[in-house]
Amino acid sequence: MVRDAPAAVVPSPSPPRPSSVLIIDDEPQIRRVVRAALEGEATSLLEAGTGAGGVALAAAEHPDLIILDLGLPDADGQAICRALRERSRAPIVVLTARHAEAEKIALFDAGADDYVTKPFSSEELRARVRAHLRRASGALRPEADGSITVGEVIIDFSVPAVTRAGSDVHLTRTEWDLLRALVDHDGRTMTHAQLFRAVWGNGSGDAQQYLRVYVRNLRQKLELDPVRPRLIVTEPGVGYRFVRAPRP
Amino acid sequence: MSIFDWSRSRRSPGPSVSDGTGAVGSLGVPPAHHVGGIAVIGWIIALIAVTAGMLAVRARLNEAHVALVFLLVILGASAHVGRTLGLGLATAAFLLFDWYFLPPYGALIITNPLDWVVLIAFFGTSAVAAQLLYRARAQADAAQARTVEIDRLAVLGAETLNAGRAEEALLAVAAVIRGTVGVDWCEVYMREPGHTRIVLAARSSGDQASDGPSVVAEGQLVHWVAEHGTEATVLMDGTSRVASSLHGFDGPSVLGASIAQSEGEGMFAEPSRVLFLPLRVRDRIVGVLTIGAAMGLDLSASRRRVLRALSYYAALGVERVRLVRDAEHAEALRQADQLKNAVLASVSHDLRTPLTTIKALANAIAASGDARAATIEEEADRLNGFVENLLDLSRIQAGGHRSDPGPNEAEDLVGAALQRVSGRTAGRDVIVTVSTDGDAPLVGRFDFSDTLRALVNLLENAYKYSPAASPIELSVCREAQWLAFMVADRGRGVPDAERDRIFQPFYRRPDAPPDVGGAGLGLSIARSLAVAQDGSLTYEPRDGGGSVFTLRVPALDLSDLETNG
């Protein structure tokens with residue numbers, strides 16, 4: 001697949017574009033912490049203390065990224081996620097508790113892009129936000145020839161072909177489909193069901209279990225150390241995420 | 001005992017029949033017809049009058065006339081007053097007949113042998129008639145008495161069922177027993193559910209000061225009766241008697257009659273002050289009924305019969321109180337559970353917010369080069385880990401944790417586990433061995449998140465309890481129907497005596513260095529999570545020193561997988 005990106009847009013390294021981040025959290029301390037962590041990453045910060053206020057602000061101000069706390073007292077996290085997604089295409093990073101693991105899948109289906117578990121470090125949040133802002137701004141688009149380089153792996157969807165350390169890697173048709181689904185949403189966590197739909201079409205079923213096996217096969221072929229994956233990262237209980245380290 | 005037992009005993013009406021007037025408290029009063037002495041005198045006068053009348057016209061009467069007139073009077077007296085008067089008048093009439101109306105007059109001599117026939121036939125007819133009339137009447141009285149008893153039991157049953165609270169129903173039963181059996185006080189004790197303790201559930205007494213079983217000995221008797229299921233009494237002199245257990249309450253005999261067999265005179269032969277009856281529901285002793293009278297109990301057969309029937313209501317009342325308490329207990333447990341969940345959720349949320357602030361701020365300060373801030377962040381992480389473990393443990397032990405086993409791949413799990421511990425095991429070598437059969441992946445049926453947590457706990461445990469220079473080995477292989485994850489370290493191992501205890505919550509090895517973090521929850525949680533998905537977690541000493549913890553989850557065969565997609 002060839003991304004329809006104009007060849008001119010290869011800004012590397014690029015100065016940070018003006019970006020605005022909306023923080024939706026009922027706890028002022030958390031808002032303060034997030035604001036402190038994101039200084040230097042975002043040029044403007046918007047804050048909302050309620051879900052309804054956050055949705056209104058997102059519709060009015062078109063932020064480039066939204067940070068949403070799941071534990072808002074005034075509304076259900078999934079519902080807010082859905083409402084935000086209806087009004088904005090900005091990436092949504094959810095702040096969640098570890099015990100809400102079962103909820104995560106529903107959140108991703110509702111349109112969330114990523115999550116950070118409380119308590120988080122400033123560094124961790126900053127890294128996530130930076131990655132999503134860069135992706136949203138188009139800084140990580142493919143090269144002019146449509147290829148993507150991650151470490152020693154070069155993926156070219158136009159041929160299609162994958163080389164690892166200069167030697168060709170053979171991928172089956174299903175493995176290609178899976179890789180494309182992951183790369184298309186790089187940086188985003190794809191749930192098992194989303195990946196399954198992208199590769200095998202509609203529905204669910206027993207075949208879903210094979211997704212794990214295809215991921216393993218893909219890792220065997222692409223990863224330097226398959227048990228310490230760097231390209232295809234597992235989000236426990238949720239799905240997988242393709243990680244492209246930002247180019248230096 | 002059965003409520004129907006007493007109906008059997010009515011086949012022998014005997015002399016003890018009430019007059020059937022039915023007032024509470026008079027039931028079972030010994031037989032006594034309260035028809036006054038005036039009636040007796042009246043009938044005697046009537047006999048004298050008809051004798052005198054017939055004497056005046058004696059010449060024109062024959063034996064048949066005299067016999068019929070006398071018979072009329074005797075039947076009337078028998079029906080009106082009773083058998084005794086009837087028989088008495090019959091005897092008197094017999095003599096008068098002979099004296100005045102059979103020649104020779106004025107003497108008790110009979111010359112014509114045929115007159116004997118007349119006299120004997122007359123007397124026989126009178127006696128039989130009096131007896132028949134008496135029996136008919138007695139049966140009518142008995143039937144009426146039964147009707148009253150049944151009415152009372154029916155009313156009691158309805159009241160018992162209608163009473164709003166179970167305790168009130170029991171109180172009503174005690175009051176009815178006291179009134180009906182005519183005692184000073186009546187108490188119902190119940191066995192505490194799940195305990196052997198006996199508590200007073202209802203008490204009905206005439207006045208507050210009346211003596212209940214305040215004496216220690218009587219309290220002990222209640223326990224004895226509840227324990228052995230036999231009756232007991234306290235005699236007027238304060239000594240107590242217990243029934244032989246061979247002749248239990250459920251024998252065909254009325255209360256106490258069984259004791260008559262074993263002790264000769266029986267429990268009711270000696271005047272007693274207090275009576276203890278075991279209360280049963282379906283052969284289970286649910287409580288004890290006691291009745292007492294300061295002046296001594298007056299228990300006639302019919303009162304005992306009624307007491308039996310009423311004690312059945314008391315047993316049902318006790319059972320109802322118990323069932324209500326059981327339901328209330330279950331409700332209380334449910335509410336406590338809800339409260340605990342609310343507390344868990346609140347603790348989880350309210351601790352996390354300040355921890356997030358502390359961690360994030362410490363992290364930011366540490367970035368500017370203050371080593372102390374790094375320590376603050378580490379400690380915040382440690383506190384968070386402890387809280388999470390506590391919450392997990394209470395959730396698992398309360399049964400509130402639900403694992404969702406599904407097909408998952410072993411290397412995926414290993415990768416996620418290594419990723420998760422990477423920050424904490426920095427600088428430590430983890431040697432990973434995945435033993436696959438050719439190119440086939442290792443697949444199992446397990447909950448990814450739970451198994452990940454268990455594996456991470458094992459890795460952290462190995463990291464804590466082994467020298468920093470030694471590598472930790474993590475290997476995965478298929479063992480028959482199991483997928484086995486083995487975490488091996490070169491620590492000091494676990495002494496034989498401690499091997500089961502290491503999986504108990506809050507266990508810390510005696511030789512644990514004081515700076516090792518954790519509260520001894522990791523292995524306990526890991527084992528609980530493994531067991532929850534039909535897996536296991538075991539310990540073995542490692543060859544050459546150290547420990548091997550093996551986490552097993554059910555393996556899965558994917559023989560029909562098309563690898564070429």
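Predicted model: local features only at pLDDT ≥ 70, side-chain atom pairs only at ≥ 80, totals over all residues.
View 1. Residues are numbered from 1 along each chain as its sequence is written, while chains are lettered from A and ligands numbered from 1 in the order in which they are written. Helices (H or I, at least four residues) and strands (E, at least two) are DSSP runs, numbered from the N terminus. The buried residues of H1(A) are A:Ile30, A:Val33, A:Val34, A:Ala37 and A:Leu38. They fall within an arc of 125° seen down the axis of H1(A), so they line one face of the helix. The arc is that of the directions from the helix axis to the C-beta atoms. A residue is buried if 20 or more other C-beta atoms lie within 10 Å of its own, exposed if 12 or fewer, and partly exposed in between; C-beta atoms are placed from the backbone. The cover over these buried residues includes strands E1 (20–24), E2 (44–48) and E3 (65–69) and helix H5 of chain A, together with H9 of chain B.

**View 2. Chain A has eight helices and twelve strands.** Of its 248 residues, 39% are buried. Take the contacts in chain A between residues at least 6 apart in sequence: 60% join residues at least 24 apart. Two residues are in contact if their C-beta atoms, placed from the backbone, lie within 7 Å.

**View 3. Four strands of chain A form an open sheet with antiparallel pairing.** The order is E6-E7-E8-E9. Strands pair if DSSP finds at least two bridges between them. E6 and E9 (167–169) are the edge strands, and each pairs on one side only. From one strand to the next, the twist averages 25°. Four bridges join E6(A), residues 147–150, to E7(A), residues 153–156. A:Val150 stands opposite A:Val153. The two strands form a hairpin with two residues between them, and A:Gly151 in the turn has a positive phi of about 60°. E8(A), residues 161–164, pairs with E9(A) over three bridges. There, A:Thr163 has A:Asp168 as its bridge partner.

**View 4. The contact between the chains takes 35 residues from chain A and 37 residues from chain B.** On chain A, helices H1 (28–38), H5 (122–136), H6 (173–184) and H8 (208–222) each supply at least two residues of the side that touches chain B. H8(A) gives the largest share, seven residues. By type, this side of chain A divides into 15 nonpolar, ten polar and ten charged residues. Here Ala, Val, Leu, Ile, Met, Phe, Trp, Tyr, Cys and Pro count as nonpolar, Asp, Glu, Lys and Arg as charged, and the others, Gly among them, as polar.

**View 5. Six strands of chain B form an open antiparallel sheet.** Their order is E2-E1-E6-E5-E3-E4. The edge strands are E2 (198–205) and E4 (240–242), each pairing on one side only. The twist averages 20° from one strand to the next. E1(B), residues 185–191, pairs with E2(B) over seven bridges. B:Cys186 has its bridge partner, B:Ser204, in E2(B). Helix H6(B), residues 166–181, packs on the sheet and touches E1, E2 and E6 (284–292) of chain B. The direction of H6(B) makes about 50° with that of E2(B). Helix H9(B), residues 301–367, also packs on the sheet, touching E1, E2, E5 (272–281) and E6 of chain B. The direction of H9(B) makes about 55° with that of E5(B). Axes are lines fitted to C-alpha atoms, for helices over the stretch in contact, and angles run from 0 to 180 degrees between N-to-C directions.

**View 6. The largest nonpolar core of chain B holds 64 residues.** Such a core is a set of buried Ala, Val, Leu, Ile, Met, Phe, Trp, Tyr and Cys residues joined through C-beta atoms within 7 Å. B:Ala417, B:Leu455, B:Leu458, B:Leu459, B:Val487 and B:Leu551 touch the most other members. Helix H12(B), residues 448–464, gives the most to this core, with eight residues. Leaving aside neighbours within four places in sequence, B:Ala417 is in contact with B:Leu452, B:Leu455, B:Val456 and B:Leu459. A second, separate core of 47 residues includes B:Leu289, B:Ile291, B:Leu299 and B:Leu310.
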